Amino acid sequence: MLPKLSQPTFDVVIPTTKQTIKVRPMLVKEEKILLMAKQSDDRADQLNAIKQVCNNCMVTPNVKVDDLAFVDMEYLFLKIRSYSISNKTKASYRDNEDEKVYNFEIDFDKVEVKQDTESNPVIDLGDNISLVLRYPPVSVYTDKEFFNLSDDKVFETVLLSSMTKIFENDKAYDCKNVQKKELLEFIDSIPAKQYEKIQEFFNSIPSLYYAIEYKNEKGTERKIELRTLEDFFTFG
């Protein structure tokens with residue numbers, strides 16, 4: 001029987017929950033998963049590849065990528081990629097003023113998770129009723145049907161996946177135990193003013209953040225802000 005190769009492990013702090021988990025570097029089998037995804041034009045396929053790599057490389061038991069906030073998965077993938085290949089990557093951007101291409105080196109160790117505005121996940125709906133939200137989980141965005149939804153159905157789907165509990169006085173309802181039809185009827189009954197607070201919560205979802213600052217050939221100070229995995233690289 002051939003020997004089994006041991007792998008080092010590294011600690012990663014999940015940004016939105018502050019939970020520390022252990023991960024291992026990517027192996028050849030994960031590289032193959034990413035290579036196949038790179039050849040696909042399907043956004044869901046690409047996100048599912050990232051999810052699978054994160055799931056494969058997590059050593060800490062009882063942690064599911066599907067349950068993480070989307071930005072947590074993006075951050076986790078960057079860290080795994082950093083430990084596996086390099087904490088740096090090359091990027092090129094064309095300046096829209098002088099039309100010159102500028103080359104940069106991105107340091108993943110300096111990528112942050114940033115929240116521009118804070119909002120309360122507990123929404124007071126009036127009549128002693130409140131709704132508790134969470135950041136949308138990865139499972140929503142890796143569902144192939146999600147990318148075929150109309151704009152109104154997209155927000156509805158995201159909201160449904162983010163509702164955790166409904167409180168009425170001292171009584172609590174766990175949303176995962178409530179039928180979808182009943183939850184949709186509940187959403188339709190929310191006053192418009194309170195619904196705006198729900199939208200504000202989703203507008204404040206944290207994102208990756210990395211800023212590149214430079215001066216172009218015309219002397220203009222420029223800043224490029226990277227906020228998604230696609231901004232950094234395509235499964236590089």
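Colleague: Which residues line the second largest pocket?

Modeller: A pocket is read from the residues around it, and in this predicted model the second largest pocket is lined by Ile 129, Ile 166, Phe 167, Glu 168, Tyr 173, Val 178, Glu 182, Leu 183 and Phe 186. Two elements, β8 (163-168) and α6 (180-188), each give two or more residues to that lining. The space in the second largest pocket is about 170 Å³.

Colleague: How many residues of that lining are nonpolar, polar and charged?

Modeller: The lining of the second largest pocket divides into 7 nonpolar residues and 2 charged ones, with no polar residue among them.

Colleague: What can be said about the space in the largest pocket, and which residues are the closest to its centre?

Modeller: The largest pocket holds about 230 Å³ of space, and of the 15 residues that line it, Phe 70, Val 71, Glu 74, Tyr 141 and Thr 228 are the closest to its centre. By class, the lining of the largest pocket comprises 9 nonpolar, 2 polar and 4 charged residues.

Colleague: Which element gives the most to the lining of the largest pocket?

Modeller: Helix by helix, α2 (43-57) and α3 (70-84) each supply at least two residues of the lining of the largest pocket, and α3 gives the most, with 3 residues.

Colleague: Between α2 and α3 there is a loop; which residue in it has a positive phi, and is that residue buried or exposed?

Modeller: A backbone angle can be read together with the place of its residue, and here Asn 62, found in the loop between α2 and α3, has a phi near 65°, a positive value in a residue other than glycine. Asn 62 counts as exposed because its relative accessibility is 81%, and the cut-off for exposed is over 50%.

Colleague: Where is Asn 169, and what is its phi?

Modeller: Asn 169 sits in the loop between β8 and β9 (171-174), and its phi is near 55°, again positive in a residue other than glycine. With a relative accessible area of 54%, Asn 169 is exposed.

Colleague: What lies between the strands in the hairpin of β3 and β4?

Modeller: The hairpin of β3 and β4 has 6 residues between the strands, and Glu 99 in this hairpin takes a positive phi near 65°.

Colleague: What describes the chain as a whole?

Modeller: The chain has 8 helices and 11 strands, and 40% of its 236 residues count as buried. Its C-alpha trace spans about 65 × 55 × 30 Å along the principal axes. Among contacts between residues at least 6 apart in sequence, 60% join residues at least 24 apart.

Conventions. Residues are numbered from 1 along each chain as its sequence is written. This is a predicted model: local features need pLDDT of at least 70, side-chain atom pairs count only at pLDDT 80 or more; totals for chains, interfaces and linings use all residues. Side-chain values use heavy atoms; hydrogens and water are left out. On a 1 Å grid over the protein atoms alone, a cavity is a set of points where a 1.4 Å probe fits but cannot get out, and a pocket is an open set with protein on both sides within 12 Å along at least five of seven lines; lining residues have an atom within 4 Å of a point. Grid points are joined across faces, edges and corners, and a volume is the space filled by probe spheres set on the points. Helices (H or I, at least four residues) and strands (E, at least two) are DSSP runs, numbered from the N terminus. Ala, Val, Leu, Ile, Met, Phe, Trp, Tyr, Cys and Pro count as nonpolar, Asp, Glu, Lys and Arg as charged, and the others, Gly among them, as polar. Buried means under 20% relative accessible area, exposed over 50%, partly exposed in between (1.4 Å probe, protein chains only). Contact means heavy atoms within 4.5 Å. Two strands pair if DSSP finds at least two bridges between them.
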